[in-house]
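Trainee: I have a new model on my screen. Can you show me how to read it?
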Amino acid sequence: MSGLQRLQQVPPMLHRFERQHCLVDSRLAQEIWGRRFPNPVGLAAGFDKDAVAVPALAAMGFGFLEVGTVTPKPQAGNPRPRLFRHRELRSLQNALGFNNAGMESLKRRLTQCWPPPVPVGVNIGKNRQTELAAAAVDYRVLVRYLGDRANYFVINISSPNTPGLRDLQQGETVARLLEVCQEETDLPVLVKLSPDMEDAAAAELARVAVDSGAAGLVLTNTTVDYSLVPEPQPVGGLSGRVLGRRSLELLRVVAAEVFGRCVLVSVGGIETAADIYARLRAGAQLVQIYTALVYGGSHVVQKLNEELLHLLDSDGVADVASAVGLDV
Ligand SMILES: Cc1cc2nc3c(=O)[nH]c(=O)nc-3n(C[C@H](O)[C@H](O)[C@H](O)COP(=O)(O)O)c2cc1C
């Protein structure tokens, strides 16, 4: 991250980095919510929590960026160690707990790069200290304060690292949170879901969210199914390869319920262009990566997009948009 921040301070270096990393091809682009997404591969929330590297991450080739999770007040997160590798499984386990510099800092950072080169979503969460019953106040405050520095919002109620947060994944509560956010903004508001819900509960919650005006769903956050790794840590959520199967499965379940009524963003265990192609066909318009970037390095986005074009070609599919929902 500090390397990316240094890069941003030297425009000729940033431009060189961009030339080395960006793949521009109109077959990858889509128009969503009235904005152009140059390719479907986004950066998942939690990597650039404080929006310190937006220009450099855009130059890395991402089609969109999701910053945050941001909370109203700054907070330190959980004690260290709180981030672990399951290297042989290309997976991570994190218990960060929304460490972030707070919404005022985020707004200053976004103001420095506004308008951004690619769409930027802001993922919002409640402070650890905020009572669950008062969570809606935090989400309202965030959307009100950041409304002119976001292209979309994501209500995060699925992180396993803030005690009780996942209890907000109830129909009535989600409907209320969406209502509160929509009172404060006309921007698209999405909801990010956990992979650990039962299929039926997830489908029902997705339906309620869309009925309540959700512009999209982000599927999924990390999992607490520790049976997926041989030597789990006792805390935190798993991401990366071990999450892929469940993430795709839940996408299919939710797409069966709401495909065509909102934008589905698929995240969890995406490592290859074949993974992306499968998610698109299963109904996702956009995908995001986090763990694959950690293991794969800065050229991973370009590689994914390049290979995705080959897959489309070999299947005779004209472009990304035409692949969306082919299997639904
Ligand atoms: C270190 C780390 C921190 C994360 N922080 C957040 C976060 O703040 N908010 C959030 O919604 N998701 C967060 N996530 C979850 C990711 O956005 C993503 O949903 C998950 O990692 C699955 O994608 P992946 O398998 O490509 O990593 C985090 C993931 C990791 C590995």
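Trainee: How do the residues of the shell around the ligand divide into nonpolar, polar and charged?

Mentor: Sort a shell by side-chain class. This is a predicted model. Here the shell around the ligand holds twelve nonpolar residues, 13 polar and two charged.

Trainee: Which residues come nearest to the ligand?

Mentor: There are 27 residues around the ligand. Ala44, Gly46, Ser239, Tyr290 and Thr291 come nearest. Then look at the elements behind the shell. β6 (91-94), β11 (237-240) and α10 (291-296) are those that give two or more residues to it.

Trainee: What does β6 pair with, and do the strands run parallel or antiparallel?

Mentor: Look for the bridges. Four of them join β5 (residues 83-86) to β6, and the two strands run antiparallel. Phe84 stands opposite Gln93 in β6.

Trainee: How many residues lie between β5 and β6 in their hairpin?

Mentor: Four residues lie between them.

Trainee: How far apart are Val67 and Lys49 in sequence and in space?

Mentor: Keep the two distances separate. In sequence, Val67 and Lys49 are 18 residues apart. In space they are 5.2 Å apart, C-alpha to C-alpha.

Trainee: Can we use burial on a whole strand? Why is β9 largely enclosed by the rest of the structure?

Mentor: Go through its residues. Five of the five residues of β9 (residues 189-193) are buried, so the strand is largely enclosed by the rest of the structure. Next, sort the side chains by direction. Val189, Val191 and Leu193 point one way, while Leu190 and Lys192 point the other way.

Trainee: Which strands pair with β9?

Mentor: Take one side at a time. Strand β8 (residues 152-156) runs parallel to β9, joined by four bridges. Ile155 stands opposite Val191 in β9. From β8 the chain crosses through helix α6 (residues 171-184) to β9, and this β-α-β crossover is right-handed.

Trainee: And the pairing with β10?

Mentor: β9 also pairs with strand β10 (residues 216-219), in the parallel sense, over four bridges. Leu193 stands opposite Leu219 in β10.

Trainee: Where do the residues of β10 point, and what else does β10 join?

Mentor: Gly216 and Val218 point one way, Leu217 and Leu219 the other, and all are buried. Four bridges join β10 to strand β12 (residues 263-267), and these two run parallel. Leu219 stands opposite Ser266 in β12.

Trainee: Last, the helix. Which residues of α7 are buried?

Mentor: Start with the general idea. An α-helix has 3.6 residues a turn, so residues three or four places apart point the same way. In α7, Ala202, Leu205, Ala206 and Ala209 are buried. Seen down the axis of α7, the buried residues fall within an arc of 105°, so they line one face of the helix.

Terms used: Residues are numbered from 1 along each chain as its sequence is written. This is a predicted model: local features need pLDDT of at least 70, side-chain atom pairs count only at pLDDT 80 or more; totals for chains, interfaces and linings use all residues. A residue is buried if 20 or more other C-beta atoms lie within 10 Å of its own, exposed if 12 or fewer, and partly exposed in between; C-beta atoms are placed from the backbone. Two strands pair if DSSP finds at least two bridges between them. A crossover is right-handed if, with the strands pointing away from the viewer, the path from the first strand over the helix to the second runs clockwise. A residue is near a molecule or strand if its C-beta atom, placed from the backbone, lies within 6 Å of it. Ala, Val, Leu, Ile, Met, Phe, Trp, Tyr, Cys and Pro count as nonpolar, Asp, Glu, Lys and Arg as charged, and the others, Gly among them, as polar. The arc is that of the directions from the helix axis to the C-beta atoms.
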